[in-house]
Amino acid sequence: DTIPFPDWDAYMFKEAISSYKNSLIPLATVQAEAAKTRHEKTKLIAEVFTRYQAELDRMKAVDFDDLLIRTAELLETKQPVREKLARKWRHILIDEYQDTNKA
C-alpha cells in the first residue's frame, strides 16, 4: 500500500491518538468527525485509531492513555467504587504529567 502522507510517521499517529484520548474524546466521536470532513489526514487518523483500538481490544490490552481514561471513567460512573476509595484515602498524590491533562 502507498502511504498517502509520506511526511507522517508512526510517532505522529501515536501523538494524534494520544491527544484524542487525553482530551477524553472517544473513538466514536473521532470516527463521526472523520465521516463528516473532507480532510484526508483526519480520515486517516480515524482509520488508524480504529484499527489500533481494535487490536488493543482483541489483545485485551490497554495503553498508557487508557489507564488514565479508564480510571477517570471508573471514578465518574461507579459510585460504590468512588465511595470505597474516598473512605480509604482522603488524598491521592499523582506524580508525573498525568495531573496536567484532562483525564
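The chain has 5 helices and 0 strands, where helices (H or I, at least four residues) and strands (E, at least two) are DSSP runs numbered from the N terminus. Read along the sequence, that gives the pattern α-α-α-α-α. The model is a predicted one, so local features need pLDDT of at least 70 and side-chain atom pairs count only at pLDDT 80 or more, while totals for chains, interfaces and linings use all residues. Residues are numbered from 1 along each chain as its sequence is written, and side-chain values use heavy atoms, with hydrogens and water left out.

Of the 103 residues of the chain, 24% count as buried; buried here means under 20% relative accessible area, exposed means over 50%, and partly exposed covers what lies in between (1.4 Å probe, protein chains only). Contact is taken as heavy atoms within 4.5 Å. Among contacts between residues at least 6 apart in sequence, 64% join residues at least 24 apart.

The buried residues of H1 are Phe 13, Ala 16, Ile 17, Ser 18, Lys 21 and Asn 22, and what covers them includes H3 and H4. H1 is followed by Leu 24, whose phi is positive, near 60°.

Two packed helices are described by the angle between their axes and the distance between the axes. For H1 and H3, the axes come within 10 Å and cross at roughly 80°, which makes H1 roughly perpendicular to H3. The axes are lines fitted to C-alpha atoms, for helices over the stretch in contact, and angles run from 0 to 180 degrees between N-to-C directions. Angles of 65 to 115 degrees count as roughly perpendicular, with under 35 roughly parallel, over 145 roughly antiparallel and the rest oblique. On the H1 side, Phe 13, Ala 16, Ile 17, Tyr 20 and Lys 21 meet Leu 44, Ile 45, Val 48, Phe 49, Tyr 52, Gln 53 and Leu 56 in H3. These residues divide into 10 nonpolar, 1 polar and 1 charged; Ala, Val, Leu, Ile, Met, Phe, Trp, Tyr, Cys and Pro count as nonpolar, Asp, Glu, Lys and Arg as charged, and the others, Gly among them, as polar.

Lys 21 also turns up among the salt bridges. The structure holds 6 of these, each a side-chain nitrogen of Lys or Arg within 4 Å of a carboxyl oxygen of Asp or Glu. Lys 21 is buried, with a relative accessible area of 3%, and its side chain meets that of Asp 63 in a salt bridge (2.8 Å, N to O). Asp 63 lies in the loop between helix H3 (40-58) and helix H4 (64-77) and Lys 21 in helix H1 (residues 10-22), so the pair ties together parts that are 42 residues apart in sequence. Asp 63 counts as buried too, at 13% relative accessibility. Together with Asp 66, Lys 21 and Asp 63 are linked in a network of salt bridges.

Lys 14 forms a salt bridge with Glu 15, the closest N and O atoms being 2.8 Å apart; Lys 14 is partly exposed at 46%, as is Glu 15 at 34%. Arg 58 and Glu 55 form another (2.6 Å, N to O), and both lie in helix H3, 3 residues apart, about one turn of the helix. Arg 58 is exposed at 58%, whereas Glu 55 is partly exposed at 33%.
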